[in-house]
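Subject: Handing over the structure

Hello,

Here is the structure I promised to pass on to you.

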Amino acid sequence: MADPLLIREDAASVARLTLNNPGALNALSDAMLAALKAELEALATDSSIRAIVIAGAGKVFCAGHDLKEMTAGRAAEDGGHAYFNDLFSRCAEVMTLIPRLPQPVIAEVHGIATAAGCQLAATCDMAVAAEGTRFGVNGVNIGLFCSTPMVALTRNVPRKVAFEMLTTGEFIDAARAREVGLVNRVVPHEDLRAATDELAATVASKLGAAVKIGKSAFYDQALMDLEEAYAFTGSVMAENMMLRDTAEGIQAFIEKRKPDWSQNEDA
């Protein structure tokens with residue numbers, strides 16, 4: 001039997017999803033997008049998981065869309081127009097699932113993250129990169145402007161940085177990616193998994209219900225003006241305060257002990 005395109009491993013409230021098509025540089029093929037969507041949708045309702053890692057097998061994280069598959073789509077009577085619209089729509093569904101998940105999602109990036117692969121890394125809530133990793137939205141080099149990857153990129157890095165990357169097709173290294181806000185941490189390649197697992201474990205150790213509330217509010221308030229954002233987040237914090245586990249966490253802090261959390265979403 002062929003190896004699965006996407007491998008899920010669960011350990012201590014952390015789910016690790018590994019893109020597992022190294023021969024195709026973990027391209028976001030039709031099948032890979034379908035597998036990612038299915039697992040992310042399953043994780044959305046899995047209360048036992050409090051953090052998610054997305055990684056890539058082999059030499060790279062992800063090289064973007066499968067260009068051979070896209071080229072084959074041109075055989076249709078319309079030259080592939082309907083297929084391309086559908087492809088980018090399906091990719092957008094996967095990308096928009098990530099910020100809507102209740103759990104924080106961490107990209108574990110190595111080798112290269114290009115085009116839609118860079119989009120995936122930028123879409124994740126956090127990213128840890130190995131030294132020497134290169135990031136690019138380099139479709140312009142083959143005549144295809146990275147318009148959909150641009151959405152995630154421009155929500156992570158300053159506009160002038162994003163525009164330069166998009167129009168020159170040039171790569172930035174991991175150090176520059178951290179400098180401009182595309183990744184959170186850069187570590188030696190041999191420490192990548194351990195560093196990512198440590199970050200995921202830290203997130204997973206927090207009260208899951210509070211993180212769920214906070215992640216949703218984080219993305220919602222970013223779209224609001226200042227007064228609206230404060231009014232909204234004030235009501236969110238009031239909702240959070242009503243959780244039994246939050247009351248326990250505060251009492252534990254006052255009493256200088258570890259909280260006895262149920263980790264029940266309703267608690």
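Helices (H or I, at least four residues) and strands (E, at least two) are DSSP runs, numbered from the N terminus. Please keep in mind that this is a predicted model, in which local features need pLDDT of at least 70 and side-chain atom pairs count only at pLDDT 80 or more, while totals for chains, interfaces and linings use all residues. Residues are numbered from 1 along each chain as its sequence is written, and side-chain values use heavy atoms, with hydrogens and water left out.

**Pockets**

A pocket is an open set of points on a 1 Å grid over the protein atoms alone, with protein on both sides within 12 Å along at least five of seven lines; a cavity is a set of points where a 1.4 Å probe fits but cannot get out, and lining residues have an atom within 4 Å of a point. Grid points are joined across faces, edges and corners, and a volume is the space filled by probe spheres set on the points.

The largest pocket holds about 800 Å³ of space. Its lining has 29 residues, and Pro99, Thr123, Ala152, Arg155 and Tyr219 lie nearest the centre. Which element gives the largest share of this lining? That is H3, with 7 residues. At least two residues each come from H3, helix H4 (116-123), strand S6 (126-130), helix H5 (147-153) and helix H9 (208-221). Sorted by class, the lining has 18 nonpolar, 7 polar and 4 charged residues (Ala, Val, Leu, Ile, Met, Phe, Trp, Tyr, Cys and Pro count as nonpolar, Asp, Glu, Lys and Arg as charged, and the others, Gly among them, as polar).

The second largest pocket has about 420 Å³ of space. Around it are 24 lining residues, with Ala63, His65, Leu67, Ala115 and Ile142 nearest its centre. Helix H2 (67-72) and H5 are the elements that give two or more residues to this lining. Its residues divide into 14 nonpolar, 8 polar and 2 charged.

**The cavity**

How many cavities of 30 Å³ or more does a search of the whole structure find? The search finds 1. The largest cavity has a volume of about 150 Å³, and of its 16 lining residues, Ile49, Arg50, Gly208, Ala209 and Glu265 lie nearest the centre. H9 gives the largest share of that lining, 4 residues.

**How H3 meets its neighbours**

The axes of helix H1 (residues 30-44) and helix H3 (residues 81-100) come within 10 Å and cross at roughly 30° (axes are lines fitted to C-alpha atoms, for helices over the stretch in contact, and angles run from 0 to 180 degrees between N-to-C directions). H1 is therefore roughly parallel to H3, a label for angles under 35 degrees. Contact means heavy atoms within 4.5 Å, and the H1 residues that meet H3 include Leu33, Leu36 and Leu40, while Leu87, Val94 and Leu97 are among those in H3. By class, this contact has 9 nonpolar, no polar and 5 charged residues.

The axes of H3 and H4 come within 9 Å and cross at roughly 20°, so H3 is roughly parallel to H4 as well. Here Cys91, Met95, Ile98 and Pro99 in H3 meet Ala116, Gln119, Leu120 and Thr123 in H4. That contact has 6 nonpolar, 2 polar and no charged residues.

Happy exploring!

Conventions
Parallel < 35°, antiparallel > 145°, perpendicular 65-115°, else oblique.
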